[in-house]
Amino acid sequence: MKNLLTMLLIMVTTISFGQDLRIDQSIITPAPYSVGDTITIKFNTLDVNSSVPTLVQFDYQYNNKLLEKISHEFKLPSNTSAMTSLNHWDGYSWTPNSNVSSADLSSQYQQGAYGTNADWSVERITVQDGTPIVHSQTIFEVKFRIKDKINSGYGDYSEVTILNWANVKDNSTNTTYEVNTNNRQITISDVSGGTLNAVTFKVDTPISNKTSYKYSIDEVNNTSGNQLIQTGNLDASGEAIVSGLKDGTEYRFYAYVAPDFTDPQTPVYPAWLDDIVTISDVYLVFNYMSSTDIDGNGTGTFDYYIQKQFADITQLQSELPQEGQPWVTNVNDNDSYVFLSYLAGTLPTYNNQTGDGFYPITSTKYGSMNYTMLSDKYGMQTITSDPSIFIPSPTSTVFNFKAGFNGDVDLSHSATPLTSGYDNVGKSARNGKVKSASFQKVPETSNLDINTQLVGGKVIMEINTTKTGMAGAQFNLTYDSNILEFSEVIFDTGNEMTNFANHNGGKLFIGSLDLKGEQTVKTGTPYKVIFTPKQSITNTAGLVSFGVKEGVKTDGTKVKFNIQ
Amino acid sequence: MKKVIIGLMFLGMLVACTQDEYVVYEPIGIVPETLQIVEPVGLKLENTFVSDKVSVNVKLPSDGTYRLKIKDIIGNLVSQEKLSAKEGDNILSIYTTSLEKSSYTVELQTEDGILLGSSVFVMLN
């Protein structure tokens with residue numbers, strides 16, 4: 001009898017009864033709309049079958065070419081103690097599982113997949129409470145500004161927000177609910193107006209978190225000095241819409257990744273800056289330096305002139321360009337070895353108060369070395385005017401810029417110039433018999449096994465690869481320094497490799513490079529990292545996470561590792 | 001006689017020590033209610049919201065080697081543990097301090113890549 005009751009209980013909790021509730025999204029701002037208007041979209045649940053959820057989690061996405069997010073707010077008037085969370089990602093869109101209805105949100109949970117798509121931003125809403133989350137009451141409201149669809153690639157405002165999936169449970173009984181929606185997409189109609197009173201700036205950058213960029217607009221005044229008139233953050237599509245600029249007036253636009261100045265003495269830059277300059281950049285510089293002139297300056301070639309500019313990191317600060325002007329580049333041995341020393345963590349200590357020990361390598365250590373120019377001037381060897389100046393007029397309301405980072409020689413996080421950028425002299429030099437530091441912009445991918453294990457009281461992380469032909473490899477790891485103490489790296493990369501392990505706080509950069517590009521990293525387990533736990537642990541999941549994981553082939557092609 | 005008694009006492013102490021060790025490493029059979037899994041195999045997190053670590057129950061079909069994978073929104077693997085565990089319930093921890101503040105999916109897989117369970121967690125800011 002007891003077994004029968006248990007079986008019945010299990011059946012009650014696992015058998016689905018069809019639809020239990022719906023998630024509803026709707027615009028609460030009445031039509032009609034104009035470009036620049038703010039609209040509010042709200043989300044709530046609607047009960048269908050006496051559901052009592054204590055966890056409501058769902059993903060939705062919005063078209064960032066047509067909408068600019070302004071703000072959001074959790075409402076939950078009857079669940080004031082609920083835990084709430086919003087996660088945001090730019091540059092992804094959801095592909096539903098085609099075997100089930102896209103409106104069947106609970107069946108789509110963990111069945112569809114996200115792919116990269118610069119036009120979309122995803123938000124994950126999570127709400128949990130000790131009492132049931134009340135239906136028909138607003139969970140969450142989000143405000144958007146309607147953007148002009150001109151040059152957006154979209155002909156109308158259909159499907160500007162889409163519900164992707166939902167995971168709704170009653171945690172107290174371990175019941176998972178069936179969730180559908182009658183409003184999976186929102187379409188805005190009756191949008192009028194245009195850009196007559198607004199100027200749009202479009203910044204081309206391959207980074208996904210484009211809102212990290214701040215922009216500033218100065219009114220140019222050659223006598224009393226430029227005056228800052230507008231500043232803000234780029235939106236998720238890398239754009240900014242600005243009003244109030246005067247017809248025929250000269251302005252300067254620049255974009256930059258700003259640090260967190262909570263502690264003004266110690267600005268904190270976003271961690272992803274450390275993903276920009278990696279082993280493939282360093283390898284390209286060494287490759288470039290494999291042929292030199294009588295003065296020891298590199299005479300190799302880069303595909304784009306801007307790569308040479310980004311490789312030239314040993315200029316004195318006084319020689320760096322002012323007001324966005326390009327600089328004359330001269331890449332030499334110093335540059336290549338400073339790059340390598342940077343990865344290895346052997347550069348002199350940088351004093352951010354005095355500037356001593358500074359190198360313009362984009363990183364959390366030195367900051368973001370930004371480079372923003374009008375698209376047709378970005379990366380050009382010969383420029384006769386300030387490449388960031390623009391003059392708006394009723395016929396010139398959209399300005400295209402490109403952005404890059406100093407040190408990013410392989411342009412992994414920088415826009416690709418419209419042309420090679422070399423002037424005539426440069427083009428002639430490129431035809432000489434020199435070793436090319438050319439590269440494939442599209443990296444190869446290769447599978448890799450990285451895992452941690454608890455072995456004999458130590459946390460062992462092994463990196464196993466079967467990839468051949470790599471002149472270098474790099475892995476950026478982050479570990480929980482409260483629980484683990486870094487002990488050592490055991491390299492088995494081959495006798496000729498220059499190995500490095502740059503350890504700083506909870507970050508560890510390890511890798512190898514053959515400076516001549518003749519030897520390759522051994523396959524098997526070239527790297528084994530050993531940590532000692534500071535406290536008793538039962539397992540290791542999440543103690544070490546992987547950031548940059550890439551290799552570079554002897555021909556300069558980047559290898560992106562896909563961890564299995 | 002005195003030496004024999006002392007020897008016996010010493011032997012008894014040694015045996016007792018061995019017994020203590022045995023008790024410490026004996027698997028605990030009680031699974032907290034928040035981590036109980038009714039299905040024969042699977043994975044369950046103690047909470048959807050996570051600060052620095054969260055308990056997880058991985059219920060396995062047999063003794064062996066398995067993988068706990070933590071993936072980002074696009075499915076990229078950001079952390080992975082290779083673990084040897086026993087059949088049935090195994091109460092483990094997912095540590096999150098090394099991860100960027102975001103939301104992740106944790107997956108339990110066999111060494112052959114067969115998915116046995118998964119769950120989404122959200123890191124508290």
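Predicted model: local features only at pLDDT ≥ 70, side-chain atom pairs only at ≥ 80, totals over all residues.
Colleague: What scores does the model carry, and what confidence does chain B have on average?

Modeller: The model scores ipTM 0.75 and pTM 0.76, while chain B averages a pLDDT of 83, with 77% of its residues scoring at least 70.

Colleague: What makes up chain B in terms of helices and strands?

Modeller: Chain B has 1 helix and 8 strands, and along the sequence they follow the pattern α-β-β-β-β-β-β-β-β. Buried residues make up 30% of the 125 residues in chain B, where buried requires 20 or more other C-beta atoms within 10 Å of the residue's own. Among contacts in chain B between residues at least 6 apart in sequence, 56% join residues at least 24 apart.

Colleague: How do you know that chain B touches chain A, and which elements of chain B take part?

Modeller: Residues count as being in contact if their C-beta atoms lie within 7 Å, and the contact takes 30 residues from chain B and 39 residues from chain A. On the side of chain B, the elements giving two or more residues are β4 (64-71), β5 (77-85), β6 (88-95), β7 (103-110) and β8 (115-123). The largest share of that side, 7 residues, comes from β5(B), and by class the side has 15 nonpolar, 12 polar and 3 charged residues.

Colleague: How is chain A divided, and what links domain 1 to domain 2?

Modeller: The domain assignment gives domain 1 (18-192), domain 2 (203-430) and domain 3 (444-563) of chain A. The centres of domain 1 and domain 2 of chain A, taken over C-alpha atoms, are separated by 38 Å, and 11 residues of domain 1 are in contact with 9 residues of domain 2. The side of domain 1 that touches domain 2 draws two or more residues from each of β5 (67-74), β6 (83-95) and β7 (113-128) of chain A, with the largest share, 3 residues, coming from β7(A). By class, this side of domain 1 has 1 nonpolar, 4 polar and 6 charged residues.

Colleague: What makes the set of residues around Val282(A), Val285(A) and Phe401(A) a core?

Modeller: It is called a nonpolar core because its members are buried nonpolar residues joined through C-beta atoms within 7 Å; the largest such core has 108 residues, and Val282(A), Val285(A) and Phe401(A) have the most contacts inside it. Helix α3 (residues 279-288) of chain A gives the largest share, 7 residues, and the core draws at least three residues from each of domain 2 (203-430) and domain 3 (444-563) of chain A. Val282(A) itself touches Phe339(A), Leu340(A), Leu343(A) and Leu513(A), not counting residues up to four places away in sequence. A second, separate core of 37 residues includes Phe43(A), Tyr62(A), Ile139(A) and Trp165(A).

Colleague: Why are β26(A) and β27(A) called a pair?

Modeller: Pairing requires at least two bridges, and strands β26 (residues 498-504) and β27 (residues 507-513) of chain A pair in the antiparallel sense over 7 bridges, with Asn499(A) opposite Ser512(A) in β27(A). Their hairpin has 2 residues between the strands, and Gly505(A) takes a positive phi near 60° there.

Key: Residues numbered from 1 in each chain as written. Chains lettered and ligands numbered in written order. Contact = placed C-beta atoms within 7 Å. Helix = DSSP H or I, 4+ residues; strand = E, 2+ residues; numbered from the N terminus. Nonpolar A, V, L, I, M, F, W, Y, C, P; charged D, E, K, R; others polar. Buried ≥ 20, exposed ≤ 12 C-beta atoms within 10 Å, placed from the backbone. Domains from an automatic or database assignment. pLDDT = per-residue confidence, 0-100.
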